[in-house]
Amino acid sequence: MKKIIHIGIGKAASKELQRNIFPKISEFTGIPFYNALTLSQKLKLPRMGTNYLRKKSMDDKDVKIDLSDLKEFIISDETLYGYIFNNESQKIMAKKLFDLFGDVKIILFIRDPYEYLISEFRMNIRKLNYKNLKQFIGNYCYYYNYIEDD
(Lines give C-alpha, C1' and ligand atoms only; values in the text may rest on other atoms or scores of the structure.)
Protein backbone atom coordinates (compact mmCIF):
# COMPACT_ATOMS: atom_id res chain seq x y z
CA MET A 1 0.00 0.00 0.00
CA LYS A 2 1.22 3.46 -0.92
CA LYS A 3 0.51 6.43 1.31
CA ILE A 4 1.98 9.62 -0.10
CA ILE A 5 1.41 13.15 1.15
CA HIS A 6 2.66 16.17 -0.76
CA ILE A 7 2.87 19.09 1.62
CA GLY A 8 2.65 22.08 -0.65
CA ILE A 9 4.61 25.12 0.36
CA GLY A 10 3.37 28.28 -1.30
CA LYS A 11 5.05 29.29 -4.53
CA ALA A 12 6.69 25.87 -5.04
CA ALA A 13 4.65 24.51 -7.99
CA SER A 14 1.91 22.88 -5.89
CA LYS A 15 -0.90 23.85 -8.26
CA GLU A 16 1.01 22.46 -11.23
CA LEU A 17 1.53 19.17 -9.39
CA GLN A 18 -2.13 19.06 -8.32
CA ARG A 19 -3.53 19.87 -11.75
CA ASN A 20 -1.22 17.91 -14.02
CA ILE A 21 1.22 15.54 -12.31
CA PHE A 22 -0.59 13.81 -9.43
CA PRO A 23 -3.77 13.07 -11.45
CA LYS A 24 -1.63 11.36 -14.10
CA ILE A 25 0.25 9.36 -11.46
CA SER A 26 -3.11 8.38 -9.97
CA GLU A 27 -4.45 7.34 -13.36
CA PHE A 28 -1.33 5.30 -14.11
CA THR A 29 -1.05 3.57 -10.72
CA GLY A 30 -4.69 3.39 -9.66
CA ILE A 31 -3.83 5.08 -6.34
CA PRO A 32 -6.53 7.65 -5.52
CA PHE A 33 -5.42 11.30 -5.57
CA TYR A 34 -6.97 13.88 -3.25
CA ASN A 35 -6.44 17.63 -3.26
CA ALA A 36 -7.69 19.93 -0.48
CA LEU A 37 -11.29 19.95 -1.74
CA THR A 38 -11.65 16.26 -2.54
CA LEU A 39 -9.91 15.26 0.70
CA SER A 40 -12.27 17.49 2.70
CA GLN A 41 -15.25 15.88 0.97
CA LYS A 42 -13.88 12.35 1.45
CA LEU A 43 -13.20 12.90 5.16
CA LYS A 44 -16.44 14.88 5.67
CA LEU A 45 -14.55 17.72 7.32
CA PRO A 46 -16.32 20.86 8.56
CA ARG A 47 -16.80 23.81 6.26
CA MET A 48 -13.22 25.08 6.59
CA GLY A 49 -11.97 21.84 5.07
CA THR A 50 -8.36 20.86 5.52
CA ASN A 51 -7.72 24.18 7.25
CA TYR A 52 -9.69 22.45 10.03
CA LEU A 53 -6.80 19.99 10.39
CA ARG A 54 -4.27 22.81 10.62
CA LYS A 55 -6.32 24.87 13.07
CA LYS A 56 -7.12 21.94 15.34
CA SER A 57 -3.49 20.82 15.19
CA MET A 58 -2.25 24.26 16.18
CA ASP A 59 -4.81 24.33 19.01
CA ASP A 60 -3.25 21.00 20.08
CA LYS A 61 -6.64 19.33 20.09
CA ASP A 62 -7.15 15.73 19.05
CA VAL A 63 -8.47 15.53 15.53
CA LYS A 64 -10.85 12.58 15.17
CA ILE A 65 -11.33 11.61 11.56
CA ASP A 66 -12.36 8.27 10.11
CA LEU A 67 -9.58 7.15 7.79
CA SER A 68 -10.58 3.48 7.65
CA ASP A 69 -11.31 3.49 3.92
CA LEU A 70 -8.12 5.36 2.99
CA LYS A 71 -5.82 2.37 2.56
CA GLU A 72 -3.63 4.00 -0.08
CA PHE A 73 -3.61 7.51 -1.42
CA ILE A 74 -1.78 10.49 -2.83
CA ILE A 75 -2.71 13.69 -0.99
CA SER A 76 -1.54 17.17 -1.97
CA ASP A 77 -2.59 20.11 0.16
CA GLU A 78 -0.92 23.40 1.11
CA THR A 79 -2.61 23.61 4.50
CA LEU A 80 -0.84 20.48 5.74
CA TYR A 81 2.44 22.40 5.96
CA GLY A 82 1.50 24.46 8.98
CA TYR A 83 2.18 28.18 8.98
CA ILE A 84 5.04 29.17 6.71
CA PHE A 85 7.02 31.38 9.11
CA ASN A 86 6.35 29.30 12.21
CA ASN A 87 8.72 26.34 12.61
CA GLU A 88 6.88 25.12 15.69
CA SER A 89 3.63 24.80 13.74
CA GLN A 90 5.44 22.67 11.16
CA LYS A 91 6.69 20.28 13.85
CA ILE A 92 3.17 20.02 15.29
CA MET A 93 1.71 19.34 11.83
CA ALA A 94 4.32 16.63 11.14
CA LYS A 95 3.33 14.86 14.36
CA LYS A 96 -0.39 15.24 13.62
CA LEU A 97 0.06 13.86 10.10
CA PHE A 98 1.88 10.84 11.52
CA ASP A 99 -0.83 10.38 14.15
CA LEU A 100 -3.57 10.62 11.51
CA PHE A 101 -2.05 8.70 8.62
CA GLY A 102 0.61 6.49 10.19
CA ASP A 103 3.64 5.54 8.16
CA VAL A 104 3.49 7.77 5.08
CA LYS A 105 5.95 9.11 2.57
CA ILE A 106 6.12 12.89 2.63
CA ILE A 107 6.98 14.87 -0.50
CA LEU A 108 8.09 18.45 0.03
CA PHE A 109 9.45 20.85 -2.58
CA ILE A 110 11.45 23.80 -1.37
CA ARG A 111 11.95 26.95 -3.38
CA ASP A 112 14.97 29.21 -3.19
CA PRO A 113 14.12 31.57 -0.27
CA TYR A 114 15.11 34.72 -2.13
CA GLU A 115 12.99 33.80 -5.18
CA TYR A 116 10.10 32.90 -2.86
CA LEU A 117 10.30 36.26 -1.11
CA ILE A 118 10.37 38.23 -4.36
CA SER A 119 7.42 36.24 -5.68
CA GLU A 120 5.39 36.87 -2.49
CA PHE A 121 6.25 40.57 -2.68
CA ARG A 122 5.12 40.81 -6.32
CA MET A 123 1.90 38.97 -5.55
CA ASN A 124 1.06 41.11 -2.49
CA ILE A 125 2.45 44.56 -3.39
CA ARG A 126 -0.86 45.91 -4.73
CA LYS A 127 -3.14 43.98 -2.45
CA LEU A 128 -1.34 45.00 0.75
CA ASN A 129 -0.21 48.45 -0.46
CA TYR A 130 3.50 48.09 0.34
CA LYS A 131 5.80 50.70 -1.17
CA ASN A 132 9.02 48.68 -1.21
CA LEU A 133 10.47 45.28 -0.42
CA LYS A 134 11.92 46.30 2.93
CA GLN A 135 8.54 47.56 4.17
CA PHE A 136 6.90 44.35 2.97
CA ILE A 137 9.47 42.18 4.73
CA GLY A 138 9.29 44.21 7.93
CA ASN A 139 5.55 43.68 8.14
CA TYR A 140 5.14 40.30 6.51
CA CYS A 141 7.87 38.01 7.75
CA TYR A 142 10.83 37.42 10.00
CA TYR A 143 13.55 37.97 7.39
CA TYR A 144 13.73 41.70 8.01
CA ASN A 145 16.99 41.61 9.97
CA TYR A 146 18.76 39.82 7.13
CA ILE A 147 17.97 42.23 4.30
CA GLU A 148 20.65 44.71 3.36
CA ASP A 149 19.86 48.23 2.25
CA ASP A 150 20.48 48.95 -1.42
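This is a predicted model: local features need pLDDT of at least 70, side-chain atom pairs count only at pLDDT 80 or more; totals for chains, interfaces and linings use all residues.
Residues are numbered from 1 along each chain as its sequence is written, and side-chain values use heavy atoms, with hydrogens and water left out.

Let's start with the parts list. The chain holds six helices and four strands, where helices (H or I, at least four residues) and strands (E, at least two) are DSSP runs numbered from the N terminus. Read from that end, the order is β-α-β-α-α-β-α-β-α-α.

Next, the chain as a whole. Of its 150 residues, 39% count as buried; buried means under 20% relative accessible area, exposed over 50%, and partly exposed in between (1.4 Å probe, protein chains only). The accessible surface comes to about 10000 Å², and carbon and sulfur atoms own 52% of that. These areas come from the Shrake-Rupley method with a 1.4 Å probe, and for residues only the protein chains shown count as cover. Among contacts (heavy atoms within 4.5 Å) with a separation of 6 or more, 68% link residues 24 or more positions apart.

Now to the sheet. Its four strands form an open sheet in the order E2-E3-E1-E4, with parallel pairing. The edges are E2 (33-34) and E4 (105-107), each of which pairs on one side only. Two strands pair if DSSP finds at least two bridges between them. Strand E1 (residues 3-7) is joined to E4 by three bridges and to E3 by five. E1 is mostly covered, with four of its five residues buried.

Helix H1 (residues 14-29) lies across E1, E2 and strand E3 (73-77), and runs at about 170° to E3. Axes here are lines fitted to C-alpha atoms, for helices over the stretch in contact, and angles run from 0 to 180 degrees between N-to-C directions.

Finally, back to Ile106 in strand E4. Ile106 counts as partly exposed because its relative accessibility is 44%. Together with Leu108 and Ile110, Ile106 makes a nonpolar surface patch of about 300 Å². Patches are made of residues with over 30% relative accessible area and no salt bridge, joining like charges within 9 Å and nonpolar side chains (Val, Leu, Ile, Met, Phe, Trp, Tyr) within 5 Å; a salt bridge is a side-chain nitrogen of Lys or Arg within 4 Å of a carboxyl oxygen of Asp or Glu.
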